[in-house]
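Let's walk through this model together, starting with the overall picture and ending at a single side chain. Keep the 3D view open as you read.

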Amino acid sequence: MGIFGTHDGAELGYRLVGEGEPLICLLDGAPSASEQLRDLGGLGAHRELVLLDRRGVAESAAPAGPSTYRAPTVDDIEALREHLGLERTDVLAQASGADLALRYAAEHPGRLRSLVLVDPEPDAASGAGPTAPTGVKAPVLLLAGEGEGAGAQCERAAELAGVLPDAELVVLPGGGSLPRVGDRAGFLRTVLSFLDPDVLTVRANGLRMAYRTWGDQAAPPVVLLHGRSANSARWAHIARELAAIRRVYAIDLRGHGASDWPGSYGYAQMRDDVRAFLDALGLDRVDLVGHSMGGAVAALVAQAYPERVGRLVMEEPPPFPADPRRPDPVRTDEVLDYDWGVVVETDAQYNDPDPAWVDDLAKITAPALLIAGGAGSFMPQDRLARMAERIPGCRFVTIEAGHLIHQREPVAYLAELRTFGCY
């Protein structure tokens, strides 16, 4: 329990939960709300939550004594920021705390880095149209639940998304986002990706897709597609090198990382996700580099949308169909940072792919490079070579590194990209 002095002489209490960068939390509810909601769906495992009590709760006391449990004020939040020694801060607010957080954002725009509003309460000025304090400059994430009992908060969140200058609305399943969140993993992914300055998001093909960027915006674009169970962060060491001459985009494919986990994970859907991502960012023609599952997706993009692909690089892509067939996958108790449904659906499609995915390799017009991992890989190397032969003019090279070539032999991998014209 911590205590700090406010600008009007009161002493307020707060609790610290978790480790990492501080996140000031303004929670709704009865006295001791910070105790009741201290977990915040597991957010405390990633950020240090600064849970501010109402005036009059526990050690917190109003100047006249704890006769009422009043909500903190804008000045209280500013005093807490000063007490914590933060130049700028992130704030998460729930229900009635949303209005307070918005007023703080308007009155102290230079002190707020980003704002998360969860289940904001309906505007008291009903009938006056959507309202929000003017002067809010920080990016705002609006989270609301769908289902019974969540309609008013969801409507208010949508209203705020329409009037705030830099706002994103996300509706999660379940009758409220916090603490009754129906999809706690989705809550965490959404909040953490929003608070991470290195992760950007865009709406594409009906999904909230997360991605990372490196390099000069004016440089020629290259898009990196990760393998199954990975995410965009796995490309960081390669991306930093490519960024010397390229604008690099690394996507979290559906069901992975901070992108949406919609429960449906067909290769064709991922193909169309990539096309929609290019559309959303205004990228007309890019070089595509994909590893494993991402390599297969890249090949499908090059087949279906040849005008969008300048060069195609496939690192250890699965050669369709699987031979021998893959057995039914068995789920373990391991905590995953990707949706298990990805494994089930992609294995099924690897066993029984659309025949066009093989036949249409011959229709790829982009210059192509297929990099195999050699004897240490579980991928059948002879079938990778035959896959390359189906693509007109495809260059086939082997780097003895196993399946994870760009991670285990980045120098040799980048050398091949340089020879191919991607670097």
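Predicted model: local features only at pLDDT ≥ 70, side-chain atom pairs only at ≥ 80, totals over all residues.

Residues are numbered from 1 along each chain as its sequence is written, and side-chain values use heavy atoms, with hydrogens and water left out.

The protein chain has 13 helices and 16 strands; these are DSSP runs numbered from the N terminus, with helices being H or I of at least four residues and strands E of at least two. Of its 423 residues, 54% are buried, meaning under 20% relative accessible area with a 1.4 Å probe, protein chains only. Taking contacts (heavy atoms within 4.5 Å) between residues at least 6 apart in sequence, 74% join residues at least 24 apart.

Now find the open sheet of eight strands, ordered β9-β10-β12-β11-β13-β14-β15-β16 with mixed pairing; two strands pair if DSSP finds at least two bridges between them. β9 (200-204) and β16 (395-398) are at the edges with a single partner strand each, so one side of each has no neighbour in the sheet. On average, neighbouring strands are turned by 25° against each other, direction ignored. Axes here are lines fitted to C-alpha atoms, for helices over the stretch in contact, and angles run from 0 to 180 degrees between N-to-C directions.

Strands β14 (residues 309-315) and β15 (residues 368-372) run parallel and are joined by four bridges; L312 has A368 as its bridge partner in β15. Across β14, β15 and β16 lies helix α11 (residues 381-390), running at about 175° to β15.

Finally, where is H226? It lies in the loop between β11 (221-225) and α6 (236-242). H226 is buried, with a relative accessible area of 1%. A polar atom of its side chain lies 3.0 Å from the backbone nitrogen of L253. Beyond its neighbours within four places in sequence, H226 is in contact with residues including W235, D252, H256 and H291.

Technical notes:
Buried < 20%, exposed > 50% of the residue type's maximum accessible area, 1.4 Å probe, protein only. Polar contact = N/O pair within 3.5 Å; in protein donor to acceptor, adjacent residues only side chain to side chain.
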